[in-house]
Amino acid sequence: MKTVCIENSTASGSLAFADGNQIIDVFEFSRSGALAVSLQNMLKRQGSPDQIVVGIGPGSYSGLRVAAATALGLSAALNLKVHGCPSVLGYEAPEYSVVGDARRGTVFVATVRNYKLVSMPILIPYDEFQQQLSNFELIYAIGTIPGLDGFPISVPKAQNLVFRTESFTDSYEPLYLKEAHVTGAKIP
Amino acid sequence: MSEPTVLAIETSCDETAVAVLQGRSRLLCSEVASQIDVHRSYGGVVPEIASRNHLAKMGPILRSALTHIQLREVDCVSATRGPGLLTSLLVGYAAGKGLAIGLDRPFVGINHLEGHLLSPFFGEAACPVQSMGLIVSGGHTMLMHLVDLGKYILVGQTRDDAAGEAFDKVARLLGLPYPGGPIIERLAESGDPDRYKFPRGMLASGDFDFSFSGLKTAVRYLLPSLRGDFEADLCASFQAAVVEVLVRKTIKAAKTFKASIVTVSGGVSCNQSLRKNLVEAASKAGLAVKLADPKLTTDNAAMIAFAAFERYQRGMLGNLEDEADPNFKIH
């Protein structure tokens with residue numbers, strides 16, 4: 001089974017092409033505009049995949065949408081299935097926690113055991129997370145988070161995500177964690 | 001040998017649309033998934049909600065469109081690059097790129113305004129020719145001199161509200177639901193356009209720019225003094241003020257730039273009063289008129305496919321590295 005995986009939940013995106021349990025191609029990029037060209041080049045090198053996996057976050061809404069929409073277009077062209085996989089599973093270690101800035105005074109936190117999510121990522125206020133720090137062991141921070149220093153900054157990678165097959169879902173919809181932000185009042 | 005086939009995606013605002021066009025006229029499919037009911041309760045388009053819906057609808061609408069054709073028949077994939085809401089644009093633009101990569105076909109990013117500008121020529125045997133185009137919608141009001149494909153001169157544009165935006169704002173003042181433009185037009189049908197004397201913004205400005213915010217303000221100041229059955233007359237008077245400015249400036253621009261054809265496109269070009277008055281004025285001025293087919297006036301992918309076809313024919317292809325651009329310039 002050949003799999004192409006797109007992970008674009010952070011400012012540092014990545015692509016991986018796996019054949020069975022072997023990674024045979026990896027590419028990293030730093031802006032969304034490079035995703036399509038990188039993907040095109042990878043498929044020219046490796047040929048068509050049998051399935052597509054896309055990281056569904058949590059993370060940058062724009063990055064996640066670009067990845068999911070690109071995967072959708074590719075899947076329609078090649079008549080392939082798209083699997084979603086939580087991006088926070090894209091680390092090499094089997095057990096860890098991940099924290100990322102979710103804006104407006106909140107962070108998202110996810111805990112992984114044996115390469116699987118203990119529960120779906122949750123949103124908590126900055127100060128509440130600081131109070132709960134002792135509950136977590138290895139913590140990766142996805143980018144800098146205001147007021148939270150000292151964690152190794154590390155982003156998820158496609159070459160790890162592609163092997164988290166037990167967590168693949170049929171939904172490519174990003175893990176938004178929040179309702180859509182609406183500035184105007186809803187008309188009754 | 002059949003003419004080239006273009007698949008196009010449009011997601012610049014709140015409509016998720018896919019179309020497949022063969023040649024200049026054979027529209028194999030044109031599907032539009034509207035979100036208008038979702039946004040109506042907010043009184044306008046909420047960008048974040050629009051983007052979420054685009055992504056949710058993209059898979060089904062794309063697969064539905066592809067049932068109308070054999071994939072190998074697609075020669076070119078295109079998508080709207082801008083202008084529009086960035087969070088909406090990037091969904092369709094990325095899906096188009098993914099499709100182009102999978103099919104190993106060229107990709108063309110299209111300017112949404114170019115789609116509107118060329119839409120009055122949709123279905124014609126020859127490529128679009130020199131003309132003066134009025135693009136009038138909820139987001140844009142502009143006069144564009146079409147010199148050649150890709151050579152467009154901005155002649156004038158609104159300095160504040162777009163004409164369609166003015167319709168929607170006046171509708172809101174009247175307590176009418178979103179989108180208000182079509183309701184105002186319907187009410188205006190039975191009204192007296194001369195009952196209220198509304199200002200004709202920038203009619204004597206000497207340039208080709210527009211302004212509609214003063215007109216909207218005039219309606220707001222007049223409203224508290226009105227009693228009884230005034231809605232139809234007010235709508236008719238307001239619409240007449242908008243239409244007169246649009247028509248007179250379009251005709252004047254065509255004469256000034258020596259264009260023998262005037263075109264009108266965009267959502268407000270569906271307005272029957274505008275169409276009728278423009279045809280009459282152009283006829284008096286000895287100008288030909290091309291009106292966009294009403295099906296092509298609101299946001300749709302068929303007009304994007306048409307513009308992409310013209311560009312594909314001339315080898316004006318895009319680049320996978322280009323990104324969606326909410327301020328993408330046409331001129």
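This is a predicted model: local features need pLDDT of at least 70, side-chain atom pairs count only at pLDDT 80 or more; totals for chains, interfaces and linings use all residues.
Of the 26 residues of α8(B), 20 are buried, so the helix is largely enclosed by the rest of the structure. After α8(B) comes B:Lys258, whose phi is positive, near 55°.

The confidence values come next. Chain B has a mean pLDDT of 94, and 100% of its residues reach 70 or more. For the complex, the predictor gives an ipTM of 0.94 and a pTM of 0.93.

Chain B is assigned two stretches of sequence to domain 1, namely 5–122 and 296–313, while domain 2 covers 131–291. The contact between these domains draws on 19 residues of domain 1 of chain B and 23 residues of domain 2 of chain B. Taken over C-alpha atoms, the centres of the two domains are separated by 27 Å. Together, domain 1 of chain B and domain 2 of chain B bury about 1,800 Å² between them, and 75% of that area is on carbon and sulfur atoms. On the domain 1 side, B:Leu117, B:Pro120 and B:Thr297 supply 34% of the area buried against domain 2 of chain B, more than any other three residues. Across this interface between the domains of chain B, the rule finds 0 salt bridges.

The two chains also meet each other. Chain A contributes 35 residues to their contact, and chain B contributes 33 residues. About 2,700 Å² is buried between chain A and chain B, with 65% of it on carbon and sulfur atoms. Here the rule finds 1 salt bridge across the interface. A salt bridge joins the side chains of A:Arg65 and B:Glu48, with a distance of 2.5 Å from N to O.

B:Cys76 lies in strand β4 of chain B. Its relative accessible area is 0%, and B:Cys76 is therefore buried, the cut-off being under 20%. Leaving aside residues up to four places away in sequence, B:Cys76 touches B:Thr5, B:Val6 and B:Leu7, as well as B:Arg105, B:Pro106, B:Val108 and B:Tyr312. The C-alpha atoms of B:Cys76 and B:Leu21 are separated by 10 Å, although these residues are 55 residues apart along the chain.

In chain A, A:Ser87 is found in the loop between β5 (82–85) and β6.

Most residues other than glycine have a negative phi, and most peptide bonds are trans. Against that background, A:Arg103 has a positive phi of about 65° although it is not a glycine. A:Arg103 sits in the loop between β6 (96–101) and β7 (106–113) of chain A. At 59% relative accessibility, A:Arg103 counts as exposed. In chain B, B:Asp104 likewise is not a glycine and has a positive phi, of about 55°. The loop between α3 and β5 (107–111) of chain B holds B:Asp104, and with 55% relative accessibility B:Asp104 counts as exposed.

Chain B also contains cis peptide bonds. One joins B:Gly82 and B:Pro83, with omega at about -10°. B:Pro83 belongs to the loop between β4 (76–82) and α3 (86–103) of chain B. Another cis bond runs from B:Tyr178 to B:Pro179, with omega near -10°. B:Pro179 is located in the loop between α5 (163–173) and α6 (181–188) of chain B.

Conventions:
Residues are numbered from 1 along each chain as its sequence is written. Chains are lettered from A and ligands numbered from 1 in the order in which they are written. Side-chain values use heavy atoms; hydrogens and water are left out. Buried means under 20% relative accessible area, exposed over 50%, partly exposed in between (1.4 Å probe, protein chains only). Helices (H or I, at least four residues) and strands (E, at least two) are DSSP runs, numbered from the N terminus. Contact means heavy atoms within 4.5 Å. pLDDT is the predictor's confidence in each residue, from 0 to 100. Domain bounds come from an automatic or database domain assignment. Buried area is the accessible area (1.4 Å probe) that two parts lose on being put together, summed over both. A salt bridge is a side-chain nitrogen of Lys or Arg within 4 Å of a carboxyl oxygen of Asp or Glu.
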